[in-house]
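Here is a friendly walk through one structure, taken a few features at a time. Please have the sequence and the 3D view open as you read.

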Amino acid sequence: MRLFLILLFVLFGTTTHTANAQIEGQGLAPQQLLEVSPEFPRPGEFVTVTLNDYRSGTFGSTITWLYDGQVVEGAENSRSVTVTAGTVNTETKIEAVLYTPSGEREVLSTTFRPVYLDVVIEAQTRVPEFYLGRALPSVGSVVNATVLINDGSSQTDLVYTWQINGQVIEGGPIRGRNQISFVTPRRDSSILSVVAAEPNGTILAQRSILLPSVLPSINFHEVNSLFGLRYKPITDELIMIGSTVTIQAVPYHLDIRVYNNPDIAQWEINNSLSQNQGSNPYQITFKPTGVAKSAKLGFQVRDTTLVLQGASDNIQVRF
Amino acid sequence: MKRSVFIIIGVALVMILLSVWIYVLFFSASSSDVEDEQFGDLDFQDTTDVDYQESETEPEPVVDAQANQSLQQLTTRPVAGFAEVQVGTSTPREVRYMEVGTGHIYSIDLTTGAEERISATTITGAQIAKFSKNGQYVMIRSGFGAQKEFVLGEIDFASSTLVSTKLAEPIISFSSTNDNRFLYSIHTGASTIGKVFDPTELTNETLFTLPFREASIEWGSDVTDSHYIYPKTTRQLESFLYQVKNGVTTRMPVDGYGMSALGNDTYVFYSKKEGTAYRSYSLNISSNIETGVPLSQIPEKCAMSEEEFPVTVCANTEYEFTELLPDSWYKGEISTDDSLWEISPDGGSARFLISPSLASGRELDITQLQITDDKSAVYFTNQSDQTLWVYQRAVTDVNQN
């Protein structure tokens with residue numbers, strides 16, 4: 001008898017549990033019926049909450065949106081509402097109150113807590129000293145990425161998962177290290193993603209950015225021995241005033257390793273290789289000879305292993 | 001005629017010509033007048049330059065300080081740095097500046113307009129200089145690349161020299177404070193450290209540390225003022241604005257592609273890329289209200305005073321295209337014909353001040369703007385030739401603030 005009762009309990013008890021599981025699996029939790037975009041907003045950012053409830057039981061329902069308990073004016077019966085995220089780490093609650101045609105009331109709600117997750121990109125490429133802007137990644141160059149999180153706390157042991165074009169970097173999540181380095185992929189742009197989570201696995205924020213990869217370029221500048229580089233580049237042609245002129249080729253976004261140790265760094269005058277090179281391969285002192293009234297001055301710098309890691313250009317010099 | 005007669009006449013002619021040549025060679029007068037007559041006399045008047053007298057010392061240029069002009073070019077030399085100083089209450093206001101390349105320091109008396117060299121010490125390759133408020137000290141960056149050096153100089157007025165001390169740290173940016181100290185930043189492996197330096201004690205103190213290197217810093221006028229820091233600007237990457245005040249770093253609600261900014265304790269003025277456009281905004285920090293600013297202003301071409309309702313002056317060109325700003329301006333690739341505009345404190349309106357090309361005939365690329373303490377003048381340099389200029393704000397403008 002005792003064995004029979006145990007069997008009955010096991011049989012019906014298991015059946016009941018399976019049924020509950022099936023009910024939960026068929027529907028979505030209330031917060032999943034509301035989609036928040038962006039999922040991890042910044043403070044003050046516009047956030048769109050969309051009702052994704054297409055259950056037959058709620059067909060024809062009226063919808064009222066609440067923002068922290070206050071009715072959102074003008075959003076009556078809209079399937080989405082746009083609100084402004086609050087200040088750092090303050091929880092915002094959005095509710096959608098549904099009244100079905102049969103008079104039933106259902107409340108769906110979601111919350112979000114805005115934090116700043118800033119990704120600072122620092123490419124190890126070269127720009128001239130006077131340039132106020134930032135160096136950009138170019139193919140094969142090393143990029144340092146740093147995450148700065150401002151969530152109102154001073155947590156330093158967050159876990160970061162980095163991905164570039166869907167591939168996880170560093171082999172998996174890394175704890176406490178908010179800086180990584182990687183090589184710029186061979187494509188015009190890549191998607192860099194980072195997820196910051198607490199050690200217990202709760203995701204704090206995530207961000208994806210478009211990482212550009214530019215082609216290095218060259219500008220030509222006149223050099224004055226006393227005053228240094230002339231700020232304005234030579235656009236197409238230079239009209240010489242004195243008998244000689246010193247010109248510097250200024251690469252932008254060239255890998256620093258290539259800049260410091262180029263496989264090819266050569267000047268050409270009228271398409272002929274110039275032997276007039278001093279200690280600085282990026283400078284040439286130009287002195288016209290002969291009867292010609294102009295010359296084409298060109299420069300190229302290049303890495304022979306990664307040929308896209310290089311640049312060339314030319315200007316016309318009139319004298 | 002016989003052949004022999006021809007020969008005799010020919011020999012005789014040769015002898016006569018030889019005689020004439022010998023006479024002219026040995027007995028004729030050799031005055032320059034005679035020689036000159038052998039060439040064309042074009043009947044010029046006396047061309048002797050009687051005015052020019054070569055002197056060993058270069059005459060000091062004089063700025064016409066009495067001229068009733070709102071815009072004046074103060075120097076013809078390229079300027080590495082400048083400051084308006086008033087040594088004492090009874091002494092006249094003066095502008096001190098350092099010449100690019102030589103590091104020589106000059107003073108322009110703003111009352112008389114007389115210019116005087118107050119330091120003849122050569123700082124080879126001087127590029128950037130910041131003067132202390134009292135004009136006694138100057139921090140200098142000289143040289144390029146690996147030869148770059150940083151020097152602290154103290155002006156010795158008695159000997160017209162600069163007593164210089166080489167600074168060992170790899171300084172990235174620097175500025176002076178109202179209390180005659182210097183703010184500067186350095187790079188470590190992966191961070192930027194901000195410090196304050198006391199030139200009298202030769203001591204320094206760390207103000208902040210940020211975990212990235214490529215930082216642009218807009219220094220406040222005092223150690224306790226707000227300092228604004230952001231990753232260097234480019235249209236292709238996002239930048240974020242951080243405020244450092246009293247050692248506390250706060251993320252400001254300002255970010256964007258191509259973003260750069262300046263500000264004080266109450267307002268932040270910034271511009272950023274929006275789609276293909278480039279737009280400017282003013283943020284009231286306490287109310288968190290953001291206002292769109294008329295015209296596209298590059299913040300690096302603006303200056304803001306320190307008051308609660310600041311005076312903001314910007315140099316602006318009616319850019320034909322803004323989709324490449326500000327990167328194209330950083331590269332020097334766009335031509336500019338700047339005018340000066342004054343932005344209202346809330347940023348909602350802009351008032352035209354002056355067009356240098358209309359007033360002086362020169363097209364300027366204005367940068368390094370500085371508003372004087374009494375808001376009566378705006379100093380700036382022309383990026384193209386690094387000359388120093390001043391714009392005198394009208395009295396009514398001053399009274400409004």
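Does Leu202(B) count as buried, partly exposed or exposed? At 48% relative accessibility, Leu202(B) counts as partly exposed, a class that lies between buried (under 20% relative accessible area) and exposed (over 50%), with a 1.4 Å probe and protein chains only.

Before going further, a word on the ground rules. This is a predicted model, in which local features need pLDDT of at least 70 and side-chain atom pairs count only at pLDDT 80 or more, while totals for chains, interfaces and linings use all residues. Residues are numbered from 1 along each chain as its sequence is written, chains are lettered from A and ligands numbered from 1 in the order in which they are written, and side-chain values use heavy atoms, with hydrogens and water left out.

**Backbone features in loops**

Leu202(B) has a positive phi of about 55° although it is not a glycine. In chain A, Asn165(A) also has a positive phi, near 50°, and is a residue other than glycine. Asn165(A) counts as partly exposed, with 27% relative accessibility.

Two cis peptide bonds can be looked up as well. One joins Ser37(A) and Pro38(A), with omega about 0°; another runs from Leu325(B) to Pro326(B), with omega near 0°. The table places these residues between their flanking elements, where helices (H or I, at least four residues) and strands (E, at least two) are DSSP runs numbered from the N terminus.

| Residue | Loop lies between |
|---|---|
| Pro38(A) | β1 (34-37) and β2 (46-51) of chain A |
| Asn165(A) | β11 (159-164) and β12 (167-168) of chain A |
| Leu202(B) | β12 (192-198) and β13 (203-210) of chain B |
| Pro326(B) | β23 (312-316) and α3 (327-330) of chain B |

**A strand with two partners in chain A**

Strand β17 (residues 217-224) of chain A runs antiparallel to strand β20 (residues 245-252) of chain A, and seven bridges join them. Two strands pair if DSSP finds at least two bridges between them. Within this pairing, His221(A) stands opposite Gln248(A) in β20(A).

β17(A) is also joined by two bridges to strand β18 (residues 228-229) of chain A, again antiparallel. Here Asn224(A) has Gly228(A) as its bridge partner in β18(A). β17(A) and β18(A) form a hairpin, with three residues between them.

**Two domains in chain B**

The domain assignment of chain B, whose bounds come from an automatic or database source, gives domain 1 (60-65 + 72-213) and domain 2 (258-401). Taken over C-alpha atoms, the centres of domain 1 and domain 2 of chain B are separated by 24 Å.

How many residues of each domain are in contact? In chain B, 18 residues of domain 1 touch 16 residues of domain 2, contact meaning heavy atoms within 4.5 Å. Together the two domains bury about 1,400 Å², 49% of it on carbon and sulfur atoms; buried area is the accessible area (1.4 Å probe) that two parts lose on being put together, summed over both. In domain 1 of chain B, Gln72(B), Gln73(B) and Phe82(B) lose the most area to domain 2, together 41% of what that side buries.

Across this interface the rule finds one salt bridge, meaning a side-chain nitrogen of Lys or Arg within 4 Å of a carboxyl oxygen of Asp or Glu. Lys133(B) forms a salt bridge with Asp373(B), and their closest N and O atoms are 2.8 Å apart.
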